[in-house]
Amino acid sequence: MSMEVLTILQVIWSLASYLVMTLALPALLLYRKIKHLRFCERFIAYQMVGNFYMMNLVSVLELLHISNRVTLTLLTILPCAGIYVILYKKKPMQMLQDVFEFLERLAGGQVGTRLFLRRVRVGIWHLFKRGVCALFRRIRSNFFDIILISLLTAGLCYVYGTNLLQHFGYCESDLPVHNYWVNYLGKNKMFVAGIYPFGFHCVIYYLHEVFAIPTYVLLRVFCFVQNLMIHYVLLAFIKYCCKSKFAPYVGVYVYVFLKVFGENTYIRYFSTLPQEFGMIFILPSIYYLFAFFVSKKQKPKNREEERAPLTIDNIAQTQEERAAFGEENSGWIDEELPPLSEESIIRIEEDGIVKTQVRNDVDGSAEQNLQEGDAEGEAENRTRLQRWNEARTARKEARVQKRRIARRMGQGRWARITGSEGFWYLAGFAISFGMTLSAHFYDTMIAGLLCIGVACGYFFRLFRPKYFGKVMLAGILSIFVAILPMLIAFAMGTPLQGSLGWGMKVISGENNKEVVQVAPVKEQGSANIGTGAAGNGMDAAGDGQQAGQPQDGAETMSDGSFVVHQKSLPEKVISKLETAVGAFWEAMKIYIILDSYPLFQILLVGSIVFLALLSLIFFLVRQTDYGARCLSLSAGLVALSVLQASSRLGLPTLMDAIRTCIFYAYVLVAAWSLCVDGVLQLLFGWFKKKWILHTVSLAVLAAVVVYSDQEGLIRTPPVRESLQTNEAILCLTNILHDNEDFTWTICSANDELRMGEDYGYHHEVHTFLRDLEKKGRTHSVTIPTSKVYFFIEKIPIMYGRAYRGDEPEISEEFAKEPLPVSAGISMYQGVNRLIEMSKLYEWAQDFAELYPNDVKVYYESDNFVCYCVEQDLYRPFNFAIERKD
Amino acid sequence: MVSRRNFFSITLIMLVVVFMFLVPEVIKNQVNNYGQNRYEESANTKFTDKSVYTATKTDGIKSGRFVVYIGDDRDGAVGSMVSQWCLYSKRRLLSFKSLRKYQAEPKNLPEAILIDAAYLDFDKELSVLAAYAKVGVNLIFCNLPDVKDVSRNPKLRKMLGINAIIDERIKVEGIRLMDGFLLGGLKEYILDETMEKTQQDLDLVMPWYRISGGAKMFVHGMMEDEVMEEYYMMPDGDVITKNQNLPAIIWRNKYEDAMVFAVNGDYLSTNAGIGFLSAMMTEIKDYDIYPIINAQNMVVLNFPDLAEENESEIMERYSRSLKAVCRDVIWPGLVSVAQQNAYKMTCMLMPQMEYQNEPEGDTLIYYMKLFQEQKAEAGFSGTHREDMDVSEKLDEDLELLDEVVPDYSLLSLYQGNMSDEELEEALKRKEFSKVQTVFTDYDGAQKLVSYLGDGIVRQTGICDGYSHKFSENLRMVSIQTALGYSNIQVDLEPVAFPDSDEDSWEKLSRKFAGNTRTYWRQFSKFEKTTLSESNQHIRRFLALDYQQQREGNKLTLDISNFEEEAWFILRTHGEGIKQAMGAEFVKIEESAYLITATEPRVQLELEEERGRYYYFEKEKQP
């Protein structure tokens, strides 16, 4: 089998496993309870529940040291079965009894085999027929959506999948560390290298353990799965925010297919990293906040409705609520209400919710409206009103009775709390926000900043004492739940992991010494940006305020001293603003959108302003939730902009700009979609027929596609070179396939150490060579496994940059150099790696000459060779041979 | 009352049943051609002693199979073994009693120089050996000089890859033979609780040489951890350190451009050493293909006894007569072992031993029929009582045979305790005119298979069926490696005339069955033959010559003096046979194949035995 086919199969298996846990299983349990929600909302809910369960199940079992395939599988199946039984009021014992009775009848001959087989056949046929019908119904009703999502998926496969088939190794240097941590979860050693957010590792470990996918395979290919999810969640979020059907695709299309964004905004998508995994949960947390506030808009009205005498308005409002929950029975409304005549109802759509109002053309009073109608219609409506009132009173009494009983049983308050929509939205917020922290601290920071944006957008609802407390409590609880495993481990004496300590220092401002990356094209006003030759991504402190340079407003005198001119307050404010805008502009040009695309640069800044303006307009036209969403995103982007430019503004650098830009671009496309949607809503949203709005949005999408194609903006799949050779992965895969576990050793640079840790042994090249040089003079150097594989790069990997064809090859000259004495990864970088590989190659040649029949070339290409030494364990080779020369 | 109809039916059924049981027996008796030797025709061959191939100088140059021996090739020890090995492996041998006498031709360098240490002047001739090593001539030290000589000769130590001499005389617990050297895999010759002490008959006292890095050990001594700890600071359970430093017995070192083999002991001083030499040649090359006999015999000696002899003793032990013991006890046991292991028996008839009671001709016929059914072959045993004249014995026995089975051709004869002269005289008898094989007991100094003259092949027993000491096993494994040949001999004379309780059949049969099933299992791929069939194999083997060449993964074998079939062993280092033309092949073990050539030209396509399962798409593209 070719590696390419194998990789595709591995991707499919990983995707299927992940979707089982984050889509199929949650859907099986929750679908009937939340089917009134739109698909995008349900999708987000399934994602959150599935991931949350995996993360926390693994965490709990790890802390109890009983995590293994059996416990994980059992504790997945049993609770799911339990929840299913409770939620859907199933009677398992009765079902079992029925099954046994049927089997008894089958065994006793009361039911013949033919009849049984016929029933099975008919049952399967009906199931299949129903399934196919349902599928076709869905396809028919969401035809364009399905087409567009399919195209998006195909595009994602093309853009982010191609690299997987070209570069099989890890693309980031920290992946071996994550591999190491996941491996140790298998040994029930959580936080093996110190306390660190382990949500991502728990999910990977869960998939590895339950679905038998090797960890190193997951870390190679799971990036594609999480990319799909990141983009689907983005689409789902925009879908929720927008009113038109197809405007959301505009943003996602731009994000996936256009080459306007800087490389840094997407290059990490080619690696399975916790930060990128955590991005799945950022927008859902914002979605839940939006949904919570939307539900709180309706809540007071519901209360008033209970108190106020029933009028036609109230009836219309209730109808509106029903519509908001979808066409089918929501689960919270138990009985069908008597229908109103179509003529007396106006349907309008706001905030993605279809609202219904009774016609109220003259003075807003339904009663008056009724009076103006003909006598027959009036009598009919009054009869209906009476029936409505009776039904409502009966329902209210039943509810009161139910509460009373529940209170007696001590469950009243809890049932009231959990029975409300708001509770579940806040729970969703807590779960998703918590998972950002479980996955990666940076995700929490971004989610937090976007929450600040939501606070700005929903200021009119958030700061009500009732809601503020609940939201804050949810936030605190989410953080508590996320850090609880870490707290427990900390209490048990586990120290913080190094990078977490570093993060703490960053937050406390102790670690702000970074270098500013210079803009490719310097503009006036940004000339004083520092000139440090930055590594790829190190952002800077200091806004050009280097030692010996005059500060803002200072003038240099002839003797070199500075004279500071005092400025007035407005001048200072204007100056600061100019600096801020300049800094942001600079950061944006470097990291987010390249200079080659000035239109998109303007769109970036413009969208922030435009969203703010749109929000004002929508507030004015009483579409408050929509306006709040626009304002939230706008404010969120401003907050992100500050973070992006923080180093240039002299603020504490909480996050490198190179990382911020990933999130920035991710949120930006949502803002662009919302801008398009806002404009369309202003122009076409007032039409009663919504298909006009949807058609125009589809036309806009088509226009964007055509425009981008004509302008040559569509990108080719980016290439991300891996930090391992493909040949090394090929050999490792074959070694795992060919040999029994722990009968082999790979001697290579450190890359394969963690990849094969669960299956065999690893010996570092540096250690091996050092042993040959020092220990080998007096002692034997042996590797006690029946097979020893030596991975030698003839053209050593240059860490941190792609192959360019001018890389030096290993040679005898390099082999004669002394062994590098540096520690850590540096001994495998640059010339050091060249020396190590040259020395190993020379040694292998000598050894093969001594043992021609025992040293085999396992694989060889132009830039790589793998030697296999087969040895009898009763007579292991002494690898410390004397050099021939 | 039974009705007539029922009576008729019952009678009919009974007749049918009687018919069904009787007819097969009658047919079997009629068809059973016990009076004829079935192998007389089928095991026939045109090759005689004149057909034996001996490599000439030209052959040696052409085939590249040419070795030089420094020592006496007629000394009955190492030299005999070397000359025997060269005969069997179709090599040209040049033998010199001193290295100085050998003048190498630069264009015709030998594959290896085999050295008997006793014939080498280590002070003067070591540099000559070093010069040969420099030009790529491999060196095989069939034995080593005295440890003191080794100790004071650093050049020799370097050549041999001896890192240190830990002790001049150490007694090891056992010996370990590494996997992949001889056929049959890993062997550990060390006593455990279940074994008798007599099982260990190997020479366990030796100098303790520790080999250096770059050398490769094939056989080494085994020692207990406590003994090792006296010499090394060995951490608990550090098996690796231990194995590295154990006393080396057979190893090879890379010296200059040559492989230097060393044998610390007398393992190459008998004809059992031929397998070691074959294994060494395999180690030197990328692959090795060489002819073999491919015959596994089970020879039952002195069976059956057709007269009532040693009655009181036998009655006491078995509560029945000797004839009954042979028929009811011994024969079923023999058949059971033969069938379980798919052997064909060759039974050497000994109608009587004491000549006091007349042997029964009917009993002989009975056994001849059984032999025929079991595809066994009858030979004649020359074993006789010491106080009896051989010619008298032969007269008596042959008279019986002539009377009972006059047409049966005796093709094999067991020498027993006949002297060579007596054997020569016996072979002149007309009853033995068709004898093609003389079977003798094992003698380490003699050739394993050879012509006695007059077109008669001499085959020797390799192992005793009742005993399988460590040295016997090592000998068997070695000969299997070199020739794919083995003879298990089972002597039933001690059962008829026991000296002690140890000679009772229940004990002997247990050993015989156990040994056969255990130690020959790894060689089950070789052909099971009677002596006549193996005689045919040997004649073909001794007559043939072959040339082989390899291009890429295609190996071509041209066989001369080919008759119907020839057998070869192909030994590789991780390669296997993908397909064969003009031959059939079967895998004996990892990297070892038995090739049965059915045509004089054989083409083999080789491939990696364990190729990579995963590959890159681009690798598939041409």
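The secondary structure of chain A comprises 31 helices and nine strands, where helices (H or I, at least four residues) and strands (E, at least two) are DSSP runs numbered from the N terminus. The model is a predicted one, in which local features need pLDDT of at least 70 and side-chain atom pairs count only at pLDDT 80 or more, while totals for chains, interfaces and linings use all residues. Residues are numbered from 1 along each chain as its sequence is written, and chains are lettered from A and ligands numbered from 1 in the order in which they are written.

- Of the 885 residues of chain A, 42% count as buried, a residue being buried if 20 or more other C-beta atoms lie within 10 Å of its own, exposed if 12 or fewer, and partly exposed in between, with C-beta atoms placed from the backbone.
- Among the contacts in chain A with a separation of 6 or more, 73% involve residues 24 or more positions apart; two residues are in contact if their C-beta atoms, placed from the backbone, lie within 7 Å.
- Chain A is divided into domain 1 (3-282) and domain 2 (726-870), with bounds that come from an automatic or database domain assignment, and the C-alpha centres of these two domains lie 38 Å apart.
- Between them, 13 residues of domain 1 of chain A are in contact with 14 residues of domain 2 of chain A.
- On the side of domain 1 of chain A that touches domain 2 of chain A, helix H7 (175-185) and helix H9 (215-241) of chain A are the elements that give two or more residues, and H7(A) gives the most, with four residues.
- By class, that side of domain 1 of chain A has six nonpolar, seven polar and no charged residues, where Ala, Val, Leu, Ile, Met, Phe, Trp, Tyr, Cys and Pro count as nonpolar, Asp, Glu, Lys and Arg as charged, and the others, Gly among them, as polar.

**Nonpolar cores**

- The largest nonpolar core has 217 residues, of which Tyr789(A) and Cys866(A) touch the most other members; such a core is a set of buried Ala, Val, Leu, Ile, Met, Phe, Trp, Tyr and Cys residues joined through C-beta atoms within 7 Å.
- H9(A) supplies the largest share of this core, 21 residues.
- Because domain 1 (3-282) and domain 2 (726-870) of chain A both give residues to this core, it lies between them.
- Leaving aside neighbours within four places in sequence, the contacts of Tyr789(A) include Trp744(A), Tyr858(A), Cys866(A) and Cys868(A).
- A second, separate core of 176 residues includes Val219(B), Leu349(B), Val495(B) and Leu531(B).

**Chain B: domains**

- Chain B is divided into domain 1 (51-143 + 266-288), domain 2 (149-251), domain 3 (295-537) and domain 4 (544-608).
- The centres of domain 1 of chain B and domain 3 of chain B, taken over C-alpha atoms, are separated by 37 Å, and 15 residues of domain 1 of chain B are in contact with 15 residues of domain 3 of chain B.
- On the side of domain 1 of chain B that touches domain 3 of chain B, the elements that give two or more residues are helix H4 (78-88) and helix H10 (274-284) of chain B, and the largest share, five residues, comes from H10(B).
- That side of domain 1 of chain B has seven nonpolar, eight polar and no charged residues.

- Strand S16 (residues 412-414) of chain B pairs with S17(B) in the parallel sense over three bridges, pairing being assigned if DSSP finds at least two bridges between two strands, and Ser412(B) has Thr437(B) as its bridge partner in S17(B).
- S17(B) also pairs in the parallel sense with strand S19 (residues 456-460) of chain B, over four bridges, and here Phe439(B) stands opposite Gln459(B).
- Four of the five residues of S19(B) are buried, so this strand is largely enclosed by the rest of the structure.
- Strand S18 (residues 449-453) of chain B and S19(B) pair in the antiparallel sense over four bridges, with Ile456(B) in S19(B) as the bridge partner of Gly453(B).
- The hairpin of S18(B) and S19(B) has two residues between the strands, and in it Asp454(B) takes a positive phi near 55°.

**Interface of chains A and B**

- 24 residues of chain B are in contact with 26 residues of chain A, and H9(B) gives the most to the chain B side, with four residues.
- The residues on that side of chain B divide into seven nonpolar, eight polar and nine charged.
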